[in-house]
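Here are some notes for a colleague who is meeting this structure for the first time.

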Amino acid sequence: NSWLIWQMLGLYPVVTTPVYLLESPWFRDINMTINGNKNLRILAEGLGDDSYYVQGVKVNGVQWDKNWFEHEDVMVEGGTIEFVLGSEPKMWESGEVPPSPGHVKL
């Protein structure tokens with residue numbers, strides 16, 4: 001059941017890492033209480049029957065070019081994740097790829 005909730009929020013936590021992948025949320029506007037008393041708001045502009053492809057994302061008001069974020073970006077102090085959705089796939093992410101769970105820096 002918890003994986004379904006994560007998917008509906010548009011987030012996918014990568015197990016054993018502080019990384020969350022971004023995907024299309026199922027709600028136009030949802031608030032969550034996190035970290036005891038902080039608020040995380042997830043917005044999905046353009047969400048509709050045929051509009052579920054991510055066109056762009058802002059995290060805490062900053063245009064995001066990665067299809068992922070780290071735990072401390074919004075899960076510690078709260079914040080906002082704003083999705084723009086459309087009816088056609090679009091390559092919106094141009095930033096770095098998420099770290100590999102098996103990668104170790106020596």
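Predicted model: local features only at pLDDT ≥ 70, side-chain atom pairs only at ≥ 80, totals over all residues.

1. F69 deserves a separate look, for its contacts, leaving aside neighbours within four places in sequence, include L11, P18, V19, Y20, L22, W64, V74, M75 and I81. F69 also belongs to one aromatic cluster together with W6 and Y20.

2. The structure holds four aromatic pairs. One of them is formed by Y20 and F69, which are stacked, with 5.1 Å from centre to centre and 5° between the planes. Because Y20 lies in strand β2 and F69 in strand β7 (residues 68–70), this pair ties together parts that are 49 residues apart in sequence. Both Y20 and F69 are buried.

3. Another aromatic pair, that of Y52 and Y53, is tilted, with 4.8 Å from centre to centre and 35° between the planes. Y52 is partly exposed at a relative accessible area of 42%, and Y53 is likewise partly exposed, at 30%.

4. How many salt bridges does the structure hold? There are two, and in one of them D29 joins R41, with the closest N and O atoms 2.5 Å apart. Since D29 lies in strand β3 and R41 in strand β4, the pair ties together parts that are twelve residues apart in sequence. D29 is partly exposed, with a relative accessible area of 39%, and R41 also counts as partly exposed, at 31%.

5. In the other salt bridge, the side chains of E77 and K38 meet at 3.4 Å, N to O. This pair links distant parts of the chain, 39 residues apart, with E77 in the loop between α2 (71–74) and β8 and K38 in strand β4. E77 counts as exposed at 56% relative accessibility, whereas K38 is partly exposed, with a relative accessible area of 28%.

How values were computed: Residues numbered from 1 in each chain as written. Heavy atoms only, no water. Contact = heavy atoms within 4.5 Å. Salt bridge = Lys/Arg side-chain N within 4 Å of Asp/Glu carboxyl O. Helix = DSSP H or I, 4+ residues; strand = E, 2+ residues; numbered from the N terminus. Buried < 20%, exposed > 50% of the residue type's maximum accessible area, 1.4 Å probe, protein only. Phe/Tyr/Trp six-rings, centres within 6.5 Å; stacked < 30°, edge-to-face > 60°.
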